[in-house]
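Trainee: I'd like to learn how to read a model like this one. Can we go through it together?
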Amino acid sequence: MIALDFLAVVEQWPLLAKGVAVTVTLTAIAAVLGVGLGVTCAWARAYGSRWASAIASTYVEIIRNTPFIVQLFFIFFGLPSLGIKLSPELASVIAMVINLGAYSTEIVRAGLEATPKGQWEAAAALGLSRAQTFRDVVLIPALQKVWPAMVSQIIIVMLGSAVCGQISTEELSYAANLIQSRNFRAFEAFIIATLIYLALSMALRQLLNWLGGRFLFGRR
Amino acid sequence: MVDFSVWDVVRNLLLAARWTVALSLIAFVGGGLVGLILLCVRIAKLPGAERLVGAYVQIFQGTPLLMQLFLAYFGLALFGWNISAWTAASVALTLYASAFLTEIWRGCVAAIPRGQWEAAQSLGLPFRDQLRDIIFPQALKIAVPPTVGFLVQVIKGTALASVIGFVELTKAGTMITNATFRPFIVFSCVALMYFALCFPISAWARALERKLNVHR
Amino acid sequence: MSTANSFIEIVGVRKSFGDNEVLKGIDLSIAKGEVIALIGKSGSGKSTLLRCINGLETHNAGTIHVDGKEVRANDAAAIRDLRQSVGMIFQNFNLFPHLTAAKNIMLAPMRVKKTAPQVLEAQAKKLLERVGLGEKFDAYPDQLSGGQQQRIAIARALAMAPQVLLCDEITSALDPELVGEVLRVVESLAKDGMTLLMVTHEMAFAKRVANRVIFMHAGRIHEHGTPAEIFGSPRTPELQQFLSGLGD
């Protein structure tokens, strides 16, 4: 049979570890900023003025109907023509934030629109402004409702970050590529990287569910 | 250096876009067939089916599509075959689509009330007919919007095939950028073409979803 | 109706939803400290009238004055101001599910009146005791019965120290055995001099506690008077029909 040499790849674990660290860091930053962007645009779409809503909608539709790799290439290769030159890491983070932002907008919007009208009326009857009502009454229950979908989307973005290796961001897929370019163990390198991604996605789901439990659903 | 007009760029991209469409259809149809088989295996509750198919789905949903493409490309090459990027991409995307579709459809079948199954069984219908006459027609209605929506995911997924060298729309974009040094224009056109492909399908899926909710 | 010391002055108010005119010209004066029961068939416009007073609905014609200030829908700041004097209790309680009872009560004073947290906590404790739920300070709405939730909704409204409470069928969504605990709280508020405008089907309660009963029919005030007059000697056939249909 074919001789597989996993050891040659496993020996390179420092490279893989660095790749994991970069992947995790990119995902963490993108998750926080992306969800924040999503909440803002969801507000714009659900309650904003007509043109704020239109801008948000256009943004969402463009991102959701184009591949992430094209968005990444546009930011990294295209923007320099306009004088905006970004490092691979910065371009990756920006692309991931913009990407997650669009998908979270729709996810959060669904949660906002599921808010019972009575909640708005009770808050209004107490004299709370719309902004206050959004922040204190509507937002948390909305996020609670859509948290599972949000968790799945963050994981999708984490897995999508594999593409960032193509612009030399030193994340996990880049590490695997680097290893296989040195020892020609392509299949082994990619199998191991894939298994690490699988473990990462499972761990991330646990972490995000725990975070949700602590900060969103937190009681007692 | 030859000066390229925007029309030159667009023309070349359109030619490459044919391959995007072709690969998308192969993956979607192929994935649909495999997904359907997996679905039936799951519903029939064959021994170990739930766990195996469940693991299959978890693997494809929990790992990057890029890795799946690499593994198909380098993995199949291990067997000594000369695998073209086209073949590897087709295999990888077909399996990817099958995992997602089978999971989407499983949800649709699960949405059918237990009473329908019981009625079909108590009529003495063989399992194959239960599926064909009672369950699938109802599941089909629920399944159409998310399935159509997933086609958009497949089209976007074909863009990754560029990384293993398959010349579709994105790869053509990178190649043309290297030739013309006009990345902003080129990638804008690439994005626009994907948008032109995906947006109508997304809009259609949304319309189907709305129609479905009106009837329920 | 004397208008000299009226707190709420409603003159010629009309309200339509599309083609459907729900309020066909309402004139009503409410004095401070009055307890008014608003009765009538569903669709007679009772809730709509209530909601026009605190701006949740916008009247199409006529004027509404609360404490001398006109209720104008397009002035958001003025409406928010108005709602500090006019509280509302809803049929479906509308408690905020992610906040404890105390937090539900403390939220509006904290945000709108910018009261200090320690003051708020003490106030919340006092209000909860006022409605008989002192021990439910840290409870969440889904841990409470309907009657308890409604009483907390009352405490929440009271936290803003309103001068008027609008009660929109506040016991209609409650199981019968829970109605009493809520009505007891409302009765004690009335005894303490709170101005109350209540849309209600609880006729026995209205008889006992209300100063005035107003019967609405087809978007107009059809009859009004003391409970003894309205329930004892109804003059119009519509009111007679309504009262007999209740099967009291």
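Trainee: What share of the contacts in chain A with a separation of 6 or more comes from residues 24 or more positions apart?

Mentor: Some ground rules before that: this is a predicted model, where local features need pLDDT of at least 70, side-chain atom pairs count only at pLDDT 80 or more, and totals for chains, interfaces and linings use all residues. Residues are numbered from 1 along each chain as its sequence is written, chains are lettered from A and ligands numbered from 1 in written order, and side-chain values use heavy atoms, leaving out hydrogens and water. A contact means heavy atoms within 4.5 Å, and the share you asked about is 78%.

Trainee: How many helices and strands does chain A have?

Mentor: Helices (H or I, at least four residues) and strands (E, at least two) are DSSP runs, numbered from the N terminus. Chain A has nine helices and zero strands, and its C-alpha trace spans about 75 × 50 × 25 Å along the principal axes.

Trainee: Which chains share the most contacts?

Mentor: That's chains A and B, out of two pairs of chains in contact. Chains B and C don't touch, with their nearest C-alpha atoms 23 Å apart.

Trainee: How does strand 4 of chain C pair with strand 5 of chain C?

Mentor: Strands pair if DSSP finds at least two bridges between them. Here the two run antiparallel over two bridges, with C:Val66 opposite C:Lys69. They form a hairpin with two residues between them, and C:Asp67 in the turn has a positive phi of about 55°.
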